[in-house]
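Colleague: I am new to this one. Please show me how to read it.

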Amino acid sequence: QMGEQLIEACLALARTHPHPTFDIVMGPRSSLTWTDPQRSTSPHERVRLHKEVPHMPYLNASADLVISSGGYNTLLETLQGRASILCFPLRKDPRDEQYRHAMRLEPFVDIEVSTDLGDLPAAFERALARLSSGRRGDRRASLDLAGAANIERIVLEDLGLAACGPTAPTAGPNAPAKQECR
């Protein structure tokens, strides 16, 4: 699997950093060795390895720092909390969605994006320094997450119905508005 190098890099960080607590999720398709097939979590003091996590959205939202390949769900779950993000997209092409989504968050969130996993140790040190100093540069409250409304607007524009909009109610103040297109 492509994400296993990132998992191994996170395990290496856990070995060299004795103070932070790590939750490392391997995922159900990982071919990395799993020690106990009867358990989905392997606790080792401050490092908890997870084969799978049914409560992943809560884990991401409650973290101080999330290291990820930049999957859409992980990014959105992390935005629910105040975590800093280190993103290492699996694919190296800047046109790939993991890279693009992460880069679009840069103006709003404390996020570092790199396609070189060799940058992880230094990025981790910088993130720890920002977390301990309180400097996070977080503006996620100004993100526009009205995705459904934006998708509707784009589809209407694509269909040539961009001038459509609600008109005044036709039968009283509680009547539904009709759509009128020019």
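Colleague: Is Arg-48 buried, exposed or partly exposed, and why?

Modeller: Start with the cut-offs: buried means under 20% relative accessible area, exposed over 50%, and partly exposed in between (1.4 Å probe, protein chains only). Arg-48 has 32% relative accessibility, so Arg-48 counts as partly exposed. One caution: this is a predicted model, where local features need pLDDT of at least 70, side-chain atom pairs count only at pLDDT 80 or more, and totals for chains, interfaces and linings use all residues. Residues are numbered from 1 along each chain as its sequence is written, and side-chain values use heavy atoms, with hydrogens and water left out.

Colleague: Which residue forms a salt bridge with Arg-48?

Modeller: A salt bridge needs a side-chain nitrogen of Lys or Arg within 4 Å of a carboxyl oxygen of Asp or Glu. Here Arg-48 pairs with Asp-23, and the closest N and O atoms are 2.6 Å apart. The pair links distant parts of the chain: Arg-48 is in strand E3 and Asp-23 in strand E1, 25 residues apart. Asp-23 is partly exposed because its relative accessible area is 30%.

Colleague: How are helices and strands assigned?

Modeller: They are DSSP runs, numbered from the N terminus: helices (H or I) have at least four residues, strands (E) at least two. This chain has 6 helices and 8 strands.

Colleague: How many salt bridges are there?

Modeller: The count is 5. A network of them links Asp-110, Glu-112, Arg-126 and Arg-130. Between Arg-126 and Glu-112, the closest N and O atoms are 2.7 Å apart. Arg-126 lies in helix H5 and Glu-112 in strand E6, so this pair ties together parts 14 residues apart in sequence. Glu-112 also meets Arg-130, at 3.2 Å from N to O. Arg-130 counts as buried because its relative accessibility is 15%.

Colleague: At what angle do helix H3 and helix H4 pack?

Modeller: Axes are lines fitted to C-alpha atoms, for helices over the stretch in contact, and angles run from 0 to 180 degrees between N-to-C directions. H3 and H4 pack at about 20°, with their axes 10 Å apart. Angles under 35 degrees count as roughly parallel, over 145 as roughly antiparallel, 65 to 115 as roughly perpendicular and the rest as oblique. So H3 is roughly parallel to H4.

Colleague: Where is Asp-64?

Modeller: Look in the loop between helix H2 and strand E4. Asp-64 has a relative accessible area of 54%, so Asp-64 is exposed. From Asp-64 to Thr-78 is 14 residues in sequence and 9.4 Å in space, C-alpha to C-alpha.
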